[in-house]
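These are my notebook entries on one structure. I wrote down what I looked up, in the order I looked it up.

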Amino acid sequence: MRDRLSWGGDTAHGVVWEALVEKDEVWTSEEYGTSHQGRVATLLEDGSGAKPVYFDSNSGGFGWEVRHWSVYDGGTHPQRPQAHALQAQCSCGWQGEPRIVDWTTAGDLPFREHGWETAGECQDDWDRHVTVVDATTVPLPPELQAQLRDIAEAIERLGQDAPTAALKAARSLELIAARTAHGAAHDARGLDPETVAGALGLNTDDSRALLARYGRWSRYA
């Protein structure tokens, strides 16, 4: 049986929060991973960031710290402040425009419902941020980019009729990547780490890890 977190204590109306729900919502892109991981931050009226809210488990003995934007509804059990604005934030340090929460139109709707549109605006802000990041990375030759796109589409089509053949093709791509990136990783290792990271759209730690994987050396060396 799953543990549950109390949400205002109104269990008669099913107002409970399952522990399975994430403590926070984060967004990542396949290309940049945790180097550009976004989330919705909650701002209070004085402009400060809201601290995580601690919820006790109904089974007792332990609990969770939650900072998902939807918990900041001004509730008193447990004590949690009311959100003044929501803001997109990225693990790289970028911050979006604060989006003011309109509590006057909330009515009886819980914050997780009437605040959803505002949170969606924050995600749109982060999407635009990632687009800007992508534009600052080293460009691929158009012919190579087109070839990679054609190969990906061909493998997807192959998978519809012959999934094992598609897997073999994908495995071949992995082997090609490992073979062709080996020398490039060693050459890039001698360059300025921040320059390499910027060209890849990654932070320096993730960039070093990528070079180590392709160059086949320990990332801690």
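Which residues in helix 3 meet which residues in helix 4? I found Ile151, Ile155, Leu158, Gly159 and Asp161 in helix 3 meeting Pro163, Ala165, Ala166, Ala169, Ala170 and Leu173 in helix 4. I took contact to mean heavy atoms within 4.5 Å.

**Ground rules**

I noted that this is a predicted model, in which local features need pLDDT of at least 70 and side-chain atom pairs count only at pLDDT 80 or more, while totals for chains, interfaces and linings use all residues. I number residues from 1 along each chain as its sequence is written, and side-chain values use heavy atoms, with hydrogens and water left out.

**The chain overall**

I listed 6 helices and 8 strands in the protein chain. Helices (H or I, at least four residues) and strands (E, at least two) are DSSP runs, numbered from the N terminus. Read from the N terminus, the order of elements is β-β-β-β-β-β-β-β-α-α-α-α-α-α. Of the 221 residues in the protein chain, 30% are buried. For that I used relative accessible area: buried is under 20%, exposed is over 50%, and partly exposed is in between (1.4 Å probe, protein chains only). I also looked at contacts with a separation of 6 or more: residues 24 or more positions apart account for 54% of them.

**Helix 3 and helix 4**

I went back to the pair I started with. Helix 3 covers residues 142-161, and its axis is 6 Å from that of helix 4, at an angle of about 150 degrees. Axes are lines fitted to C-alpha atoms, for helices over the stretch in contact, and angles run from 0 to 180 degrees between N-to-C directions. This makes helix 3 roughly antiparallel to helix 4. The cut-offs are under 35 degrees for roughly parallel, over 145 for roughly antiparallel, 65 to 115 for roughly perpendicular, and oblique for the rest. By class, I have 9 nonpolar, 1 polar and 1 charged residues in the contact of helix 3 with helix 4. Ala, Val, Leu, Ile, Met, Phe, Trp, Tyr, Cys and Pro count as nonpolar, Asp, Glu, Lys and Arg as charged, and the others, Gly among them, as polar.

**Helix 4 and helix 6**

Next I took helix 4 (residues 163-189) with helix 6 (residues 204-215), which pack at about 125 degrees with axes 7 Å apart. The two are therefore oblique to each other. On the helix 4 side, the contact is made by Ala177, Ala178, Ala181, His182, Ala185, His186, Ala188 and Arg189, and on the helix 6 side by Leu211, Tyr214 and Gly215. I sorted this contact into 7 nonpolar, 3 polar and 1 charged residues.

Ala184 also lies in helix 4. The C-alpha atoms of Ala184 and Tyr214 are separated by 8.5 Å, and the two residues are 30 apart along the chain.

**Helix 5 and helix 6**

Helix 5 (residues 193-200) crosses helix 6 at roughly 90 degrees, and the axes come within 9 Å. Helix 5 is therefore roughly perpendicular to helix 6. Pro193, Glu194, Val196, Ala197 and Leu200 of helix 5 make the contact with Thr204, Ser207, Arg208, Leu210 and Leu211 of helix 6.

**Cores**

How many residues has the largest nonpolar core? I have 24 for it, with Val40 and Leu86 having the most contacts inside. A nonpolar core is a set of buried Ala, Val, Leu, Ile, Met, Phe, Trp, Tyr and Cys residues joined through side-chain atoms within 4.5 Å. Helix 2 gives the largest share of this core, 5 residues. Apart from this core lies another, of 6 residues, among them Ala188, Leu211, Ala212 and Trp217.

**Two backbone entries**

Most residues other than glycine have a negative phi, and most peptide bonds are trans. I noted that the peptide bond from His77 to Pro78 is cis, with omega near -5 degrees. Pro78 sits in the loop between strand 6 and strand 7. Arg216 is not glycine, and its phi is positive, near 65 degrees. I placed Arg216 in the segment after helix 6. Its relative accessibility is 60%, so Arg216 counts as exposed.
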